[in-house]
Amino acid sequence: MKLAIIGTGYVGLVSGAGFANLGHDVVCLDIDDKKIERLKAGEPTIFEPGLTELLVRNMESKRLIFSTDMEDGIKRADIVFICVGTPAREDGNVDMSAVKEAAKTVGQHINGYKIIANKSTVPIGTTDLVKKIVKENSTGKFDFDVVSNPEFLREGAAVKDFENPDRIVIGTDSQRAKETMLSLYKPVSRTNRPIVVIGCKSAELVKYAANSMLAARISFMNQLTQLCEKTGADIKDIARGIGLDSRIGPRFLHAGAGYGGSCFPKDVKALVSMLKDYGCNAELFEAIDTINERQYFAILEKLESLLPAPMENSVISVWGLAFKPKTDDIRESPAIEIVKELLKKGAGVCAYDPVALDNAKKEINGAAFFNDRYEAINDCDALVVMTEWDEFRNADMKLVKKLLKHPVVIDGRNIYEPDVMKTMGFSYSGIGRAIL
Ligand code: NAD
């Protein structure tokens, strides 16, 4: 099939490359001409394991091209995917301006029957909204269907997730669109991956429900951390003890500095707004968000309690700036919040991340950035670990102790063992574990 992807960010780029790899003819479109120029030159614009190989292979076979020419891209497509950003506005509502703009562009250039598939995470009712905008901006001569096709890939494992998703959700009430979408995803369903075909509104809500459920598990564990610290219980043991219950399962039970990224925070807030807009109660989802935001402060309090000098006279090393490992995405990263808060309090900050430094430099003023994890801790008063990269788990902790001016470690992701750290002579605090 011929596919056009509007919005070549994390979702659009991985989906475009993934569909091309399944044999489809794909054009990835974006309004950001610098991004498109880099991609045309074969330079990936995001860090994602396995993506570079996928891009090279499919660009060479000419199944994948990049363009800013919306008209040409839309005209030649059977299916147009909308993959633009839907960030949170100040009031928690979803900023739908990019989706509306994309729908308008499709309407202006529609030249025959097409499916417009929405992959962006959008509030209930957006399928109808996109339909209306496309209709208003087109000549009205051409038939089209709008379907909801929410995306569930995880940054850091996006290529794997595209090729091997837990499920594919398609929201549509059109038989024609359903058959085309099922045939598009046939190679994936052949590997026994379920395709859930439901109504558009349900499909739109499934995405918010999924992200909020995952966020809830993290906030659930984080709410228990204080009790663990006050009583001597250990949150990792609690996670193991409950995770072995097959009704609960072991994943997403990690207490720590809280969730971040471009999805969980905004999607929980959007669900709260949606519930309130429809006059429904939202207290559970509000609490998920509140607990998460409180976690940032828990890190700072722990740091202040272990630092030998006041914050304004201290230099803090921060390991990890991305919101999670294996990505360069720093959107809503707890690490970025912590760095900004430390700088505001007058501390010096030495920061390191294996792949997110370039993005972080654009967002943070006043920190020193290092390309080496050990250089970033040299002569610092404390180390705060904010992202659970393997290279932090496997770090030479004897060297860490030698390089730090004071052996203070705040482990925002519980990657070290308190008793080992104590034996090595660190002043150490994880989250929800014994403070030694
Ligand atoms: P992103 O910010 O990385 O990419 C969005 C892209 O859209 C940008 O390159 C931007 O220039 C482009 N764009 C904006 N307006 C445009 C327009 N009118 N025409 C063409 N291009 C336009 O965003 P993302 O992380 O890929 O997320 C996209 C959507 O997918 C969001 O709704 C998000 O919630 C959802 N989602 C994201 C993830 C994820 O892990 N990032 C996972 C699942 C779903």
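User: Which residue in β10 does Ile316 stand opposite?
Analyst: In this predicted model, strand β9 covers residues 315–319 and strand β10 covers residues 348–352. The two strands pair in the parallel sense over 5 bridges. Within β10, the residue opposite Ile316 is Val349.

User: In what order do the 6 strands of the open sheet stand?
Analyst: The pairing in this sheet is parallel. Neighbouring strands are turned against each other by 20° on average, with direction ignored. The order is β11-β10-β9-β12-β13-β14.

User: Why is one side of β11 and of β14 left without a neighbour in the sheet?
Analyst: Strands of a sheet pair through backbone hydrogen bonds, either parallel or antiparallel. β11 (368–370) and β14 (427–429) have a single partner strand each, so one side of each lacks a neighbour. The reason is therefore their place in the sheet, at the edges.

User: At about what angle does helix α13 run to β13?
Analyst: Helix α13 comprises residues 283–306 and lies across β9, β12 (382–385), β13 (408–411) and β14. Relative to β13, the helix runs at about 165°.

User: Which residues does Leu306 touch, not counting residues up to four places away in sequence?
Analyst: Leu306 has its place in helix α13, and this helix lies across β13 and β14, among other strands. With sequence neighbours up to four places away excluded, the residues touched by Leu306 are Val408, Ile410, Ser427, Tyr428 and Ser429.

User: How far apart in space are Leu306 and Met397, C-alpha to C-alpha?
Analyst: Along the sequence, Leu306 and Met397 are 91 residues apart. Their C-alpha to C-alpha separation in space is 18 Å.

User: What share of the ligand's exposed area does the protein bury?
Analyst: An oxygen atom of the ligand lies 2.5 Å from an N or O atom in the side chain of Thr86. For Arg331, the corresponding distance from a side-chain N or O atom to a ligand oxygen atom is 2.9 Å. Taken alone, the ligand exposes 830 Å², and the share of this area buried by the protein is 89%.

User: How many residues of the shell around the ligand are charged?
Analyst: The ligand is surrounded by 27 residues, and the closest include Asp30, Lys35 and Glu155. A polar side-chain atom of Lys35 lies 2.6 Å from a ligand oxygen atom. The shell contains 10 nonpolar and 8 polar residues, and its charged residues number 9.

Key. Residues are numbered from 1 along each chain as its sequence is written. This is a predicted model: local features need pLDDT of at least 70, side-chain atom pairs count only at pLDDT 80 or more; totals for chains, interfaces and linings use all residues. Side-chain values use heavy atoms; hydrogens and water are left out. Two strands pair if DSSP finds at least two bridges between them. Helices (H or I, at least four residues) and strands (E, at least two) are DSSP runs, numbered from the N terminus. Axes are lines fitted to C-alpha atoms, for helices over the stretch in contact, and angles run from 0 to 180 degrees between N-to-C directions. Contact means heavy atoms within 4.5 Å. A residue is near a molecule or strand if one of its heavy atoms lies within 4 Å of it. A polar contact is a pair of N or O atoms within 3.5 Å; within protein, one must be able to donate a hydrogen and the other to accept it, and residues adjacent in sequence count only if both atoms are side-chain atoms. Accessible areas come from the Shrake-Rupley method with a 1.4 Å probe; for residues, only the protein chains shown count as cover. Ala, Val, Leu, Ile, Met, Phe, Trp, Tyr, Cys and Pro count as nonpolar, Asp, Glu, Lys and Arg as charged, and the others, Gly among them, as polar.
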